[in-house]
Amino acid sequence: ARRIDNQLRGRAGRQGDPGSSRFYVSLEDDIVRRFGGDRVKGLMEWAGMDEDTAIENPLISKTIENAQIRVEGYHFDIRKHLVEYDDVVNMHREVIYNERSKILSGADLKANIMSMVTEEIQDIVANHTGNGHGLDWDIEGLLADVATIFPLPPALNKNTLSGMKPQEIEDRLTEAAKSLYEEREKQFGPDNMRTLERLVMLRTIDSLWVEHLTAMEHIRQGIGLYAVAQQDPLVAYKREGHTLFQNLLSTIRHDVAHTIYRVEIRKQEAPQRAPSPAPVQAAARSNRKQRMKVAGKKVGRNDPCPCGSGKKYKYCCGR
């Protein structure tokens, strides 16, 4: 590469060596063989020149320099495309990391979570009442899907919702969701509820973000096949990445909405400590000492202990 050649020239110049520089390139070198080395080798064989004969010609030097420029341009394009592919994931990373920063900084997530629940309810209502005819609506399926988010009150049943418009159904379900959320907040306490919101959001985002990165890497490995269909692989990668990222945001919203009403807070009871055996042992030694005193015989410190343990009295009951 020309960069390495210039580095070698610079090192020689810094050492104070005067004069010019000369580089030797073999005809079997990759860059020479790729850009006409076989043709030059055949010309040497035709002229009967020895392998050790040096070929010095400005045209050959210029040809090698042009070959180096082409190879450098090829590697530059590879690095440039690599950065462009990384920029696609970096845009996704900025959005996700900004959300995580808000959560970790202690921002109020109640409004954000209620917005997710509302959007989920809107999607469910739209899926089951999309044709616009009340007789063909799947009210039972609608109630079953909403019940996977939060338990429905008895007042919201098939008979109640059958005579309503889709917007009225959304309003009633959203009102019930907010009312139940307020009850859970009163039950757990505002501080515990804020902690619960952060834990649910972080756990959901982290797990789904890892899956998203894995999926993007799989797409990256096979995206070059789009070139066979005369499509720009980078454009296809951006398009596929955008679709995956939208699915990621939708899945985060779905999982948070279906989890926040199901999580419970349980207080962990402190483990009970077993009574220490020290008082029992002390009481036993005291009883043995009293029995010895009652016997009236004084035991020496180095004598065997009368309790039968086999130890000296000073190491057993005499302590």
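## Basis of the model and overall make-up

Helices (H or I, at least four residues) and strands (E, at least two) are taken here as DSSP runs, numbered from the N terminus. The structure is a predicted model, in which local features need pLDDT of at least 70 and side-chain atom pairs count only at pLDDT 80 or more, while totals for chains, interfaces and linings use all residues. Residues are numbered from 1 along each chain as its sequence is written, and side-chain values use heavy atoms, with hydrogens and water left out.

The secondary structure of the protein chain comes to 11 helices and 0 strands, and from the N terminus on the elements run α-α-α-α-α-α-α-α-α-α-α. Of the 319 residues in the protein chain, 26% are buried, where buried means under 20% relative accessible area, exposed means over 50% and partly exposed lies in between, computed with a 1.4 Å probe on protein chains only.

Two packed helices are described by the angle between their axes and the distance between the axes. The axes are lines fitted to C-alpha atoms, for helices over the stretch in contact, and the angles run from 0 to 180 degrees between N-to-C directions. H5 packs with helix H6 (residues 139-147) at an angle of about 160°, the axes being 9 Å apart, and H5 and H6 are therefore roughly antiparallel to each other; angles under 35 degrees count as roughly parallel, over 145 as roughly antiparallel, 65 to 115 as roughly perpendicular and the rest as oblique. For H5 and H9 the angle is about 60° and the axes are 10 Å apart, so H5 and H9 are oblique to each other. The crossing of H5 and H6 is right-handed, whereas the crossing of H5 and H9 is left-handed; a crossing is left-handed if the near helix is turned anticlockwise from the far one by less than a right angle, and right-handed if clockwise.

Helix H10 holds 27 residues (233-259), which at 1.5 Å a residue should span 39 Å, and its end C-alpha atoms are 38 Å apart, which agrees; the expected span is 1.5 Å times one less than the number of residues. The buried residues of H10 include Leu-234, Tyr-237, Phe-245, Leu-248, Ile-252 and Val-256. At the start of H10, a side-chain oxygen of Asp-232 reaches to within 3.2 Å of the backbone nitrogen of Leu-234.

Gln-230 is found in the loop between H9 and H10, and Gln-230 has a positive phi of about 60° although it is not a glycine. With a relative accessible area of 74%, Gln-230 is exposed.

## Salt bridges across the chain

A search of the whole structure finds 11 salt bridges, each being a side-chain nitrogen of Lys or Arg within 4 Å of a carboxyl oxygen of Asp or Glu. One of them joins Glu-120 and Arg-253, at 3.0 Å from N to O. This pair links distant parts of the chain, with Glu-120 in helix H5 and Arg-253 in helix H10, 133 residues apart, and both Glu-120 and Arg-253 are buried.

Asp-108 forms a salt bridge with Arg-194, the closest N and O atoms being 3.8 Å apart. Here Asp-108 is in the loop between helix H4 (58-104) and H5, and Arg-194 is in helix H9 (residues 190-222), 86 residues apart. Asp-108 counts as exposed, at 56% relative accessibility, whereas Arg-194 is buried, at 18%. Asp-108 and Arg-194 also belong to a network of salt bridges that links them with Lys-110, Glu-182, Glu-185 and Glu-197.

The side chains of Glu-264 and Arg-184 meet in a further salt bridge (3.7 Å, N to O). Glu-264 lies in the loop between H10 and helix H11 (278-295) and Arg-184 in helix H8 (residues 166-188), so the pair ties together parts that are 80 residues apart in sequence. Glu-264 is partly exposed, at 48% relative accessibility, and Arg-184 is buried, at 7%.

Definitions and conventions:
Polar contact = N/O pair within 3.5 Å; in protein donor to acceptor, adjacent residues only side chain to side chain.
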